Amino acid sequence: MDLTDRQQEILAVARSSGRVMVEDLALRFQVTPQTIRKDLNDLCDRQLLARTHGGAVVTSSVENVAYEARRLIADAEKRAIGRAAAALIPDKSSLFINIGTTTEEVAKSLGDRRDLLVITNNLHVAMQLYPNPDMRVIVAGGQVRHSDGAVIGASAIDLIQQFKVDLAIIGASAIDEDGALLDFDYQEVRVSQAIIANARRVVLVSDHLKVGRSAPVRIAHLKQVDVFVTDKMVSSRLAKVCREANVEVIEAGE
């Protein structure tokens, strides 16, 4: 893959531990942090790693990054996306929120909303919102995935199909530049598809690092989305898909 010896070793360290930190690698190889950042950027450009604050984590086209590592990827951007998406949710509305670290940031920004009904298959979202007396929170039943607190399976789908809500806040693990929204677990995808089918308005939340990433299972297409909230639009091809499908794009930035 035309990697330097140091980059090959960085990749080996990342694969063994799941993540690497700039300062640790600089000490390990006795080079400057700037040199390590250049190596990490090169590995990320090749989609072998994904940058986090102060380091990078392993990526894969068939298996998602571990939940705790995903929380670190583009964390500032996700917070900005969460605030921008929450601004679209009015008081006295009903909504679905699906699994994902970015959708969790939306939930964290809903603290001042009143009279919301929230249906979710994300235990982290439920734990974030249920103490608020101005919100009713309904958690989908079914199997809980150990890795990230996602509730998946037929029971979750059955509950979601009992509702027709105002808004769906959805995430995706990957976005193809042709507009396909992708994920890794077909059971999770089936829940997300039910959420999209039973919402009057669909809001996709995703940082720019998801664009061009690979995942094997198709959730939907951007033309099924009403609003795409991201930190920045990095693909002219994807921007064209949004324009042609009349998808509103909100760039939140930091």
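Start by selecting E9 and R28: these two form a salt bridge, with their closest N and O atoms 3.3 Å apart. Keep in mind as you click around that this is a predicted model. Now color the helices and you'll see that the pair links distant parts of the chain, since E9 belongs to helix α1 (residues 5-17) and R28 to helix α2 (residues 22-29), 19 residues apart.

How many salt bridges does the model have? The count comes to 13, so there is more to visit with a cut-off of 4 Å between a Lys or Arg side-chain nitrogen and an Asp or Glu carboxyl oxygen.

**Next stop: R145 and D185**

Select R145 and D185, another salt bridge, where the closest N and O atoms sit 2.8 Å apart. Both ends are in loops: R145 is between β7 (143-144) and β8 (151-152), while D185 is between β11 (180-183) and α9 (186-197), so the pair ties together parts that are 40 residues apart in sequence. Are these two residues buried or exposed? R145 is buried, because its relative accessible area is 15% and the cut-off for buried is under 20%. D185, at 18%, counts as buried as well.

Jump to helix α10 (residues 236-244) and pick out K240 and E244, which both lie in it, four residues apart, or about one turn of the helix. They form a salt bridge as well, with the closest N and O atoms 4.0 Å apart.

**Last stop: a nonpolar patch**

Leave the charges behind and select L123, V139 and V144. Together these residues form a nonpolar patch on the surface, with about 190 Å² of accessible area. To get your bearings, find V139 in strand β6 (residues 135-139). How exposed is V139, then, and what is its relative accessible area? V139 is partly exposed, at 35%.

Notes
Residues are numbered from 1 along each chain as its sequence is written. This is a predicted model: local features need pLDDT of at least 70, side-chain atom pairs count only at pLDDT 80 or more; totals for chains, interfaces and linings use all residues. Side-chain values use heavy atoms; hydrogens and water are left out. Patches are made of residues with over 30% relative accessible area and no salt bridge: like charges are joined within 9 Å, nonpolar side chains (Val, Leu, Ile, Met, Phe, Trp, Tyr) within 5 Å. Accessible areas come from the Shrake-Rupley method with a 1.4 Å probe; for residues, only the protein chains shown count as cover. Helices (H or I, at least four residues) and strands (E, at least two) are DSSP runs, numbered from the N terminus. Buried means under 20% relative accessible area, exposed over 50%, partly exposed in between (1.4 Å probe, protein chains only).
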